[in-house]
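Please look at the sequence and the structure first.

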Amino acid sequence: PAAASVTPYTAQYLVTDVGIGGSVWYSDGTRWRAVGGRVTLFDLQTQINGAAQTAAQNLIECRIFSGLVKNGDMLRIANAIGKSGTVDSVQRAIRISASAGVTNGTALVGGSSFPGTTSRSSGEKVEFRRVSATSVLPIGNGSGTLPFYGASANALPSAVTTPSLDSGDVYISSVLTMTSGSETPTQQTFTVELLTSGA
């Protein structure tokens, strides 16, 4: 039911298709919130190996239902990847798109060539706050590198334009491009958590 049609804080609803094993929500009279304030939307349990190729690869993705994320809510993403050796460089990004399985979505975190030729693994934990139906704000300093902490000579980060979070499902994915295709990439960790902290 609509959140405004339920007496605030009087009932809880199990939503079976949101979160791992479902999640429990309550109405505050204005909107629905996850009990405890957060729900894990996706958590990779078994690592995934990609292909030794130069074409971009979408190794894993999390579907987020239309209208689930409200203004002020936070998305927390943990991502860890590796590769089989120290020869190949990797362009990698966490992307958001309006279609499943694509590799050209908008980069929430991206453009980095780490792990490079001397590295075997890369990872980050990042947070984004929904500003509007079509934008999220990276939380941290403006360094442009990860993680976003400590001092930076750059201004605070700007909001990232996204597909509409209200007019269709979106997909957050881990996308890799191997520069020579001589090594096998591995997705070890990919967790997406929603904090229903918005107004």
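How many salt bridges does the structure hold? The count is eight salt bridges, taken from a predicted model.

## Salt bridges

Side chains of opposite charge can pair when their charged atoms come close. The following table lists some of these pairs.

| Pair | Closest N to O distance |
|---|---|
| Arg 33 and Asp 28 | 2.8 Å |
| Glu 193 and Arg 38 | 3.6 Å |

Arg 33 and Asp 28, joined by a salt bridge, are both buried.

The salt bridge between Glu 193 and Arg 38 has its closest N and O atoms 3.6 Å apart. Glu 193 belongs to strand β14 (residues 185-195) and Arg 38 to strand β4 (residues 38-43), so this pair ties together parts that are 155 residues apart in sequence. Glu 193 has a relative accessible area of 17% and is therefore buried, while Arg 38, at 40%, counts as partly exposed.

Asp 169 sits in the loop between β12 (160-161) and β13 (170-178), and Arg 63 sits in strand β6 (residues 57-64), so the pair ties together parts that are 106 residues apart in sequence. Arg 63 is partly exposed, at a relative accessible area of 47%.

## Aromatic pairs

A pair of aromatic rings is described by the distance of the centres and the angle of the planes. Three aromatic pairs are counted in this structure. One of them joins Tyr 13 and Trp 32, with ring centres 5.2 Å apart and planes at 85 degrees, so the pair is edge-to-face. Tyr 13 is part of strand β1 and Trp 32 of strand β3 (residues 32-34), so the pair ties together parts that are 19 residues apart in sequence. Tyr 13 counts as partly exposed, with 33% relative accessibility.

Phe 42 and Phe 190 also form an edge-to-face aromatic pair, at 6.2 Å centre to centre and 65 degrees between the planes. Because Phe 42 lies in strand β4 and Phe 190 in strand β14, the pair ties together parts that are 148 residues apart in sequence. Phe 42 has a relative accessible area of 22% and is partly exposed, whereas Phe 190 is buried at 0%.

## Strand β13 and its partners

Is β13 largely enclosed or open? Eight of the nine residues of β13 are buried, so this strand is largely enclosed by the rest of the structure. Strand β6 runs antiparallel to β13, and seven bridges join the two. Within β13, Ser 174 stands opposite Ile 60.

Strand β8 (residues 90-97) is also antiparallel to β13, and eight bridges join these two strands. Here Leu 176 in β13 is the bridge partner of Arg 92.

## The three-stranded sheet

Which strands make up the open sheet of three strands, and in what order? The order is β1-β2-β3, and the pairing is antiparallel. β1 and β3 are the edge strands, each pairing on one side only. From one strand to the next, the twist averages 40 degrees.

Four bridges link β1 to strand β2 (residues 23-27) in the antiparallel sense. Gln 12 stands opposite Tyr 26 in β2.

The loop between β1 and β2 contains Gly 21, which counts as exposed at 78% relative accessibility. The C-alpha atom of Gly 21 is separated by 26 Å from that of Val 175, and the two residues are 154 residues apart along the chain.

Leu 14 is found in strand β1 (residues 12-15). Why does Leu 14 count as exposed? The relative accessible area of Leu 14 is 57%, and exposed means over 50%. Together with Val 24 and Val 35, Leu 14 forms a nonpolar patch on the surface, and the accessible area of these residues together is about 230 Å².

Definitions and conventions: Residues numbered from 1 in each chain as written. Predicted model: local features only at pLDDT ≥ 70, side-chain atom pairs only at ≥ 80, totals over all residues. Heavy atoms only, no water. Patch = residues over 30% accessible without salt bridge, like charges linked within 9 Å, V, L, I, M, F, W, Y side chains within 5 Å. Areas by Shrake-Rupley, 256 points an atom, 1.4 Å probe, with all protein chains shown as cover. Salt bridge = Lys/Arg side-chain N within 4 Å of Asp/Glu carboxyl O. Buried < 20%, exposed > 50% of the residue type's maximum accessible area, 1.4 Å probe, protein only. Phe/Tyr/Trp six-rings, centres within 6.5 Å; stacked < 30°, edge-to-face > 60°. Pairing = 2+ DSSP bridges. Axes fitted to C-alpha atoms, helices over the stretch in contact; angles between N-to-C directions.
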